[in-house]
Amino acid sequence: MQHGLSGTARLGRSGTESSDYREPNWPSKPQKSAPFFALNLANKESFGFLLTDSALWTEGEAPPRRPAETRLSDGPQLTRVTLFWHKGEREDWLKFGKPVADRIVSRSQRIESYAASQVFGLVRWASNEYGTIRSTLDIVRAVDAGEPCTTVPQVDPGGDVLLSVHGWPKVAQVFRLIDAIEAADIDPCEVAPDHWRHIHNRMAGREIPRNYSPARHRAWLQRKALLS
């Protein structure tokens with residue numbers, strides 16, 4: 001399997017089979033499934049999702065130790081992204097990103113962790129018996145402790161939202177812009193944050209975003225090196 005510049009597994013550019021970017025399909029014969037009660041119960045772990053059935057807890061027992069990447073410590077803050085995958089019903093994935101830690105919770109859930117200033121693209125899609133109910137793409141910069149941040153679903157504690165689009169046509173449009181960036185041999189994870197904001201604002205105004213050229217990317221990298 002090929003891998004993109006961002007380090008994410010893919011079949012084509014940026015993890016898609018082709019630039020056609022067809023929306024995921026919901027089940028042709030939908031059936032109502034039982035609710036996933038485990039996700040609705042209070043959890044004793046910091047990221048807020050139950051990993052053990054509440055009936056297994058007893059007052060005289062101590063809770064299990066947190067995994068290494070989720071324990072509270074004096075180290076740098078990590079931003080944790082929770083991904084769910086129920087094919088045809090709920091499909092989350094990272095368009096790009098380089099997590100510093102990755103933990104599988106179950107067959108349908110995993111958690112990826114990002115260090116401060118890392119940028120990732122979170123895609124969330126869901127459907128019911130009537131069709132698609134959610135198609136979103138959020139490009140987020142992980143923040144450090146004490147930095148102001150915006151609440152983002154499934155992102156703990158939130159982040160600096162650089163771009164946010166809703167609806168599959170807009171999501172697919174941003175996918176094609178990311179393809180163009182990768183075609184120029186530029187890692188989307190290293191793109192200037194202001195460019196993602198530019199795309200967001202242009203799309204909100206129904207205007208065409210400017211291309212992200214190698215010359216502009218070199219200028220950003222030089223500025224970044226001076227500021228670090």
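Me: Is F175 buried or exposed?

Reply: F175 is buried, with a relative accessible area of 1%; buried means under 20%, exposed over 50% and partly exposed in between, using a 1.4 Å probe and protein chains only. This is a predicted model, in which local features need pLDDT of at least 70, side-chain atom pairs count only at pLDDT 80 or more, and totals for chains, interfaces and linings use all residues. Residues are numbered from 1 along each chain as its sequence is written, and side-chain values use heavy atoms, leaving out hydrogens and water.

Me: How many aromatic pairs are there, and how is a pair read?

Reply: A pair of aromatic rings is described by the distance of the centres and the angle of the planes. Rings of Phe, Tyr and Trp (its six-membered ring) pair if their centres lie within 6.5 Å; planes under 30 degrees apart are stacked, over 60 edge-to-face, and the rest tilted. The count here is 3 aromatic pairs. Y114 and F120 have ring centres 4.6 Å apart and planes at 25 degrees, so they are stacked. Y114 is buried at 0%, and F120 is buried at 0%. For W168 and F175 the centres are 6.0 Å apart and the planes at 90 degrees, so this pair is edge-to-face. W168 is buried at 11%.

Me: Which residues have the most contacts inside the largest nonpolar core?

Reply: In soluble globular proteins, nonpolar side chains tend to be buried together. A nonpolar core is a set of buried Ala, Val, Leu, Ile, Met, Phe, Trp, Tyr and Cys residues joined through side-chain atoms within 4.5 Å. The largest one has 26 residues, and L137, I139, L163 and W196 have the most contacts inside it. Strands 4, 7, 8 and 10 and helices 1 and 2 each supply at least two of its residues; helices (H or I, at least four residues) and strands (E, at least two) are DSSP runs numbered from the N terminus. Helix 1 gives the most, with 7 residues. Another core, apart from this one, has 10 residues, including Y114 and F120.

Me: Where do helix 1 and helix 2 meet?

Reply: K170, Q173, V174, L177, I178 and I181 in helix 1 meet H195, W196, I199 and M203 in helix 2, where contact means heavy atoms within 4.5 Å. Beyond four places away in sequence, W196 touches residues including F96, I139, L163, I178 and P188.

Me: Where is K224 found?

Reply: K224 is in helix 3, residues 214–227. K224 is partly exposed, at 37% relative accessibility. Its C-alpha atom is 9.0 Å from that of A192, 32 residues apart along the chain.
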